[in-house]
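Have a look at the model alongside them.

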Amino acid sequence: MKNYSAKEIKNIVLIGAPGSGKTTLAEAMAYEGKVIDRRGAVETNNTLSDNTDIEHEYKRSIYSTILFTEFMERKLNIIDCPGSDDFCGSLFSAFKVGDVGVMVFNAQNGWEVGSEIQARYSRELSKPLIGVINQLDAEKANFEGTVESIRAASRVKPVIVQYPVNQGPGFNAFIDVLMMKLYRFKDENGTREELDIPAEEMERATELNRELVEMAAENDEALMELYFEKGTLTQDDIRSGLKIGLSRREVMPLFCTSGKRDVGTKRLMEFIINVAPGPLKAPKFLSTEGEEIAADETQPAVAFVFKSQIEPHIGEISYLRVIRGKLTEGMELLNTRTGNKEKVSQLFAVAGKNRIKVTELAAGDIGCTVKLKGTRTNDTLAAPSAPVTITPIVFPEPRYRAAVQPKVKADEEKLGKLLNDAKYEDPTILVGYSKELKQTIIQGQGEHHLNILKARLAADNKMEIEYIAPRIPYRETITKVAQADYRHKKQSGGSGQFGEVHMVIEPYYEGIPEPKSYKIPGKGDITVNIKGKEEYDLPWGGKLQYYNSIVGGAIDARFMPAILKGIMEKMDEGPLTGSYARDIRVVIYDGKMHPVDSNEISFKLAARNAFKEAFRNAGPKIMEPIYSIEVLTPSEYMGAVMSDLQNRRAMIEGMNSDKGFDRLNARVPLAELYRYSTTLSSLTSGAATYTMRFSSYEQVPADVQAKLLKEYTDTDEE
């Protein structure tokens, strides 16, 4: 195939709710560009997209697929994204390198929750959208209803470029009000005839053309003046106005298709090539230093890796967009994250599983290379003479967590390797062993997301795993002042151990005044003379303040680090439930030592036990992690969603309606969120979604604390 320059390339991202027909439309585009000579079908498992065994089993997209087509002497790079929000990481990767989104709507369903979610992501990522009303050949296709639903829900103004003449099972024609022509399709291979608009359709077509002209004129003062002067605009003028409106993300042009019958594919591609922003007109990429990187083929090469894959018999495949300059075979580039040099041995244009060898990729183009040594998603490869790092993709926070373990204990090491491979391919999967919880915790975007991984490990690697409820990372703290002293004394043979520590502990909070004296029942007033102060931000959150107030040399200064170590060890496994302790001030004010038998271990043990005793008398409380969640649901399900959250000890913080959807904000204990994504899907027939992020630690209610203490005591006894 020929090498393309930046001005000959368009990069689009196919998005839309599950079942809208993105994969079938991508297949039609590839067919029209002669990349394939016959179209496959999702039902027969032979499409360019959805080409993995697991996608064949589920009959839906699970991974993004990169493909291209050649049309009108241009190259159109297409990234077909999954519709399910569980796999939204693919969309974030695709929108990093794609310049425009093509949002596909099922003509039977109109604007769905999936549309709302993906439109929200496109707004977050500042990407313009072209709308495609697909499946107009379906029994219940409703073009007008779909347009109205888009108009009611979308934040950008939909503008009709085409409308169907005979929607439903016989759909084979539409009127294009930009071209002012009727297009009729003779077969299911995209063969079309261009006809004059029939008299009975002329009034509607003229009215829609006028709306299109007015919308185009609104986007540019010069066009507005031209419109006032002539009363109309030429097709080129309309395209100019649409270009401006599209690039500002103010309009969404709407097109008619049946991907299955290859109706409307050519006209959509013509519009994308003529109007959609390409690498030279789209917003420039930013470096981590804030520098704009233009798609200039004459400058030193810069490429950004947006997707990584491991394929049997090949190894690691790196999908990249060339940001600047040109990539050629044999070129040596610098990975700006690792500082290592990588040799680009081969370059490919990508059409699903098919890879077509090319000699170069120019600025703006998308392709792949293989067998890079240490490069992964989000890495920048740059010419060593002009290193630059592109700002990384920011993936959404995980919404689902579980503990994972192999069914056969001997497989633990193998599982670790496979989970690392999964993270390499999908950065929205997070895996780590928690020393605190003594579990391997895996996080993803939903239960379905992790179940797909489980199925894939079983099918591809014969690795059987199971997910279990993850333990909760509780924290322990105190609510009042307490005092304790402890003497550690041990005699064995000639040498002994002796150390005595007296301490006061109290709750730490931001802005707490320096300690001066404490009134302790049975001990009287304890005056504090500060000799030294240390403050630690604890790795697990919160603070420890440690004061040395020893007077008269009761304990040598050389033993103070050992006392601190004993306290830290006990905070590492809190006295109540073994969870980390936090937000505590400790004052060491007295003690005793022995000229011969005192040593570091003695004072460490004395401090550990004194801290444990003081902690238990200081109104100890268990704290739990609280998450802020935002639920987006169709209005009719709001009651059920709210009721379920209240049963989960949620504190509702606010609700608002937003173009047919309700948003609910709440704070919910993490302990109550296990499998929430599954429950929410069940309550709303899959129509709702949510996001969650850590908010704070807060004290658990008394009944919950009593239950946790009992569970810990029972486990301890066992």
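How do the residues of the lining of the second largest pocket divide into nonpolar, polar and charged?

1. Nine are nonpolar, four polar and 10 charged. Here Ala, Val, Leu, Ile, Met, Phe, Trp, Tyr, Cys and Pro count as nonpolar, Asp, Glu, Lys and Arg as charged, and the others, Gly among them, as polar.

2. Before going further: this is a predicted model, where local features need pLDDT of at least 70 and side-chain atom pairs pLDDT 80 or more, while totals for chains, interfaces and linings use all residues. Numbering runs from 1 along each chain as its sequence is written, and side-chain values use heavy atoms, without hydrogens or water.

3. Back to that second largest pocket: it holds about 860 Å³ of space. Its lining has 23 residues, with Arg471, Ile472, Tyr474, Thr577 and Tyr712 nearest the centre. Helix H16 (residues 702–717) contributes the most, six residues.

4. The largest pocket has a volume of about 1200 Å³. Of its 45 lining residues, Thr52, Tyr63, Gln309, Glu425 and Arg456 are the closest to its centre.

5. On terms: a pocket is an open set of points on a 1 Å grid over the protein atoms alone, where a 1.4 Å probe fits, with protein on both sides within 12 Å along at least five of seven lines; lining residues have an atom within 4 Å of a point. Points join across faces, edges and corners, and volume is the space filled by probe spheres set on them. Helices (H or I, at least four residues) are DSSP runs numbered from the N terminus.

6. Overall, the C-alpha atoms fill a box of roughly 110 × 60 × 55 Å along the principal axes.

Terms used: Helix = DSSP H or I, 4+ residues; strand = E, 2+ residues; numbered from the N terminus.
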